[in-house]
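Subject: Structure handover

Hello,

Here is the structure for you to look at. Please open it first, then read my notes below.

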Amino acid sequence: MPSPFAPTALIGESFVGEGANAAHTNVVIGRKGGPVETAWATALATPSAGHVPFLTIVRPSVPVKPLTLFVTKAAAEGELHQRATWGSAQAGLAQGVTDAVRDGLLPAEEADDLLIIAAIWVNPAVDDLDVSFRNQRSAAYGAVRAAVDATPTVADVLATAEEGPANPFYAPSSEALVR
């Protein structure tokens, strides 16, 4: 009998897009009955002000499979940011996970046995719901792919670190990088 997919936990990350409509997604994928289920249920049962995890849906009453918990990294404030968080980003996450199942990254035959926790960044300055959706769809798929493929490798990280760390919010000067 083959071993099950994701016997413990798989972790992935992806950042897609630029500016206010960029999407940053972190995922943890695991099996029901394991530590990911405990974390999943705990997160769902213990919301905090501005950060209320919720079940990701394809359409009302049709949750995505594997069941995916959407955890906000930024409290949804203002009408457009709320529509992006609960609307376009959620729809993008649902479609990205569905694409991953359709493409075989996540085995469809095990989808009912798996759980995903997705921590999602939606910029409060978001200004285009369609771009937000497309970026989140790609980021969700990319995060699942990274989790399944266990990328980046340590060698990838070390090679990239030679250039110095950088992210959309900060890149150190060459002087700051001197050890």
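This is a predicted model: local features need pLDDT of at least 70, side-chain atom pairs count only at pLDDT 80 or more; totals for chains, interfaces and linings use all residues.

First, a definition: helices (H or I, at least four residues) and strands (E, at least two) are DSSP runs, numbered from the N terminus.

Residues are numbered from 1 along each chain as its sequence is written, and side-chain values use heavy atoms, with hydrogens and water left out.

**Overall build**

The protein has five helices and seven strands. Starting at the N terminus, their order is β-β-α-β-β-β-β-α-β-α-α-α. The radius of gyration is 17 Å, close to the 16 Å from the globule rule for 179 residues, so the protein is as compact as a globular protein of that length. That radius is taken over C-alpha atoms, and the rule is 2.2 Å times the number of residues to the power 0.38. The C-alpha trace spans about 55 × 45 × 30 Å along its principal axes.

Next, contacts. Contact means heavy atoms within 4.5 Å. Take the contacts between residues at least 6 apart in sequence: 70% of them join residues at least 24 apart.

**Surface and charge**

Some terms for exposure: buried means under 20% relative accessible area, exposed means over 50%, and partly exposed lies in between (1.4 Å probe, protein chains only). Of the 179 residues, 39% are buried.

The accessible surface comes to about 9900 Å², and carbon and sulfur atoms hold 58% of it. These areas come from the Shrake-Rupley method with a 1.4 Å probe; for residues, only the protein chains shown count as cover.

There are 11 positive and 19 negative charges, and their mean positions are 7 Å apart. Lys and Arg count as positive, Asp and Glu as negative; His and the chain ends are not counted. Each charge is placed at NZ of Lys, CZ of Arg, CG of Asp or CD of Glu.

**The cores**

A nonpolar core is a set of buried Ala, Val, Leu, Ile, Met, Phe, Trp, Tyr and Cys residues joined through side-chain atoms within 4.5 Å. The largest one has 27 residues. Val27, Ile29, Leu93, Leu106 and Ile120 have the most contacts inside it. Helix α2 gives the largest share, seven residues. Another core, of six residues, lies apart from it; Val36, Leu67, Leu69 and Ile117 are among its members.

**Two residues and their contacts**

Ser14 sits in strand β1 (residues 9-16). Ser14 counts as buried, at 10% relative accessibility.

Gln95 belongs to helix α2. Gln95 is partly exposed, with a relative accessible area of 25%. Gln95 and Val58 are 37 residues apart in sequence, with their C-alpha atoms 7.2 Å apart in space.

Most residues other than glycine have a negative phi, and most peptide bonds are trans. Here are the exceptions to look at.

- Lys65 and Pro66 are joined by a cis peptide bond, with omega about 0 degrees. Pro66 is in the loop between β5 (62-63) and β6 (67-72).
- Thr151 to Pro152 is also a cis peptide bond, with omega near 0 degrees. Pro152 lies in the loop between α3 and α4.
- Ser61 is not a glycine, yet its phi is positive, at about 70 degrees. Ser61 is in the loop between β4 (57-59) and β5. Ser61 is exposed, at 76% relative accessible area.
- Ala150 has a positive phi too, near 55 degrees. Ala150 is in the loop between α3 and α4. Ala150 is exposed, at 56%.

**One more loop residue**

Where is Phe169? Phe169 is in the loop between α4 (154-161) and α5 (174-177). Phe169 is exposed, with a relative accessible area of 66%. Phe169 and Gly33 are 136 residues apart in sequence and 38 Å apart in space, C-alpha to C-alpha.

Best wishes
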